[in-house]
Amino acid sequence: MLFQLIGELNKKETVVAYDNSVKINMLSVDEETIKEHGVVSTQVVEQMAKGVAEKMNTDCAIATSGIAGPTGGTKEKSVGTIAIGLYCKGQTRSLLVTIP
């Protein structure tokens with residue numbers, strides 16, 4: 001289903017939200033969600049995707065956040081952990097994966 005939706009997307013704009021202030025101020029990610037779950041989390045990327053869709057006035061958006069390495073990993077979230085969020089027409093889906 002995810003790839004079917006992606007095929008229907010009309011690419012309009014891109015947001016690079018590396019800094020948390022961009023996530024919070026531009027994409028309306030709740031700062032408490034970042035504090036509680038971390039930026040590499042399904043909760044944050046779902047809010048990011050919804051924020052992109054609303055800001056760009058589009059039906060669907062995708063957001064990702066991850067730990068590329070070589071440092072920055074933790075016991076709970078190792079290097080290679082990626083959170084992927086999709087918002088489309090009022091629904092959100094997300095996935096947390098680790099690529100070794």
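Trainee: Is C88 buried or exposed in this predicted model?
Mentor: The model is predicted, so the value is computed from its atoms. C88 has a relative accessible area of 10%. Buried means under 20%. C88 is therefore buried.

Trainee: Which residue does C88 join in a disulfide?
Mentor: A disulfide needs cysteine sulfur atoms within 2.5 Å. The S to S distance here is 1.9 Å. The count by this rule is one disulfide. The partner of C88 is C60.

Trainee: How many residues apart in sequence are the parts that this pair ties together?
Mentor: C60 lies in strand β1, residues 60-66. C88 lies in strand β2, residues 81-88.

Trainee: Is C60 buried or exposed?
Mentor: The cut-off for buried is under 20%. C60 has 12% relative accessibility, so C60 counts as buried.

Trainee: Which element gives the most residues to the largest nonpolar core?
Mentor: That core has 17 residues. Among those with the most contacts inside it are V44, V45, M48 and V52. The elements that give two or more residues are α4 (42-56), β1 and β2. With seven residues, the top contributor is α4.

Trainee: Where is the proline of the cis peptide bond from G69 to P70?
Mentor: Omega for this bond is near 5°. That bond is cis. P70 sits in the loop between β1 and β2.

Trainee: What is the phi of S28, and is the residue buried or exposed?
Mentor: S28 is in the loop between α2 (20-25) and α3. Its phi is positive, at about 60°, although S28 is not a glycine. Exposed means over 50%. At a relative accessible area of 56%, S28 is therefore exposed.

Trainee: Which loop holds N57, with its positive phi of about 55°?
Mentor: N57 is not a glycine, yet its phi is positive. At 66% relative accessibility, N57 counts as exposed. Its place is the loop between α4 and β1.

Trainee: How many charged residues are in the lining of the second largest pocket?
Mentor: This pocket holds about 210 Å³ of space. It is lined by 13 residues, and the closest to its centre are V39, V40, G66, I67 and G72. The lining has four nonpolar residues and eight polar ones. The charged count is one.

Trainee: Where is confidence lowest in the chain?
Mentor: The mean pLDDT of the chain is 88, and 88% of its residues reach 70 or more. Confidence is highest in helix α3 (residues 31-37), at 97. The lowest mean is 50, in helix α1 (residues 2-8).

Key. Residues are numbered from 1 along each chain as its sequence is written. This is a predicted model: local features need pLDDT of at least 70, side-chain atom pairs count only at pLDDT 80 or more; totals for chains, interfaces and linings use all residues. Side-chain values use heavy atoms; hydrogens and water are left out. pLDDT is the predictor's confidence in each residue, from 0 to 100. Helices (H or I, at least four residues) and strands (E, at least two) are DSSP runs, numbered from the N terminus. On a 1 Å grid over the protein atoms alone, a cavity is a set of points where a 1.4 Å probe fits but cannot get out, and a pocket is an open set with protein on both sides within 12 Å along at least five of seven lines; lining residues have an atom within 4 Å of a point. Grid points are joined across faces, edges and corners, and a volume is the space filled by probe spheres set on the points. Ala, Val, Leu, Ile, Met, Phe, Trp, Tyr, Cys and Pro count as nonpolar, Asp, Glu, Lys and Arg as charged, and the others, Gly among them, as polar. Buried means under 20% relative accessible area, exposed over 50%, partly exposed in between (1.4 Å probe, protein chains only). A nonpolar core is a set of buried Ala, Val, Leu, Ile, Met, Phe, Trp, Tyr and Cys residues joined through side-chain atoms within 4.5 Å.
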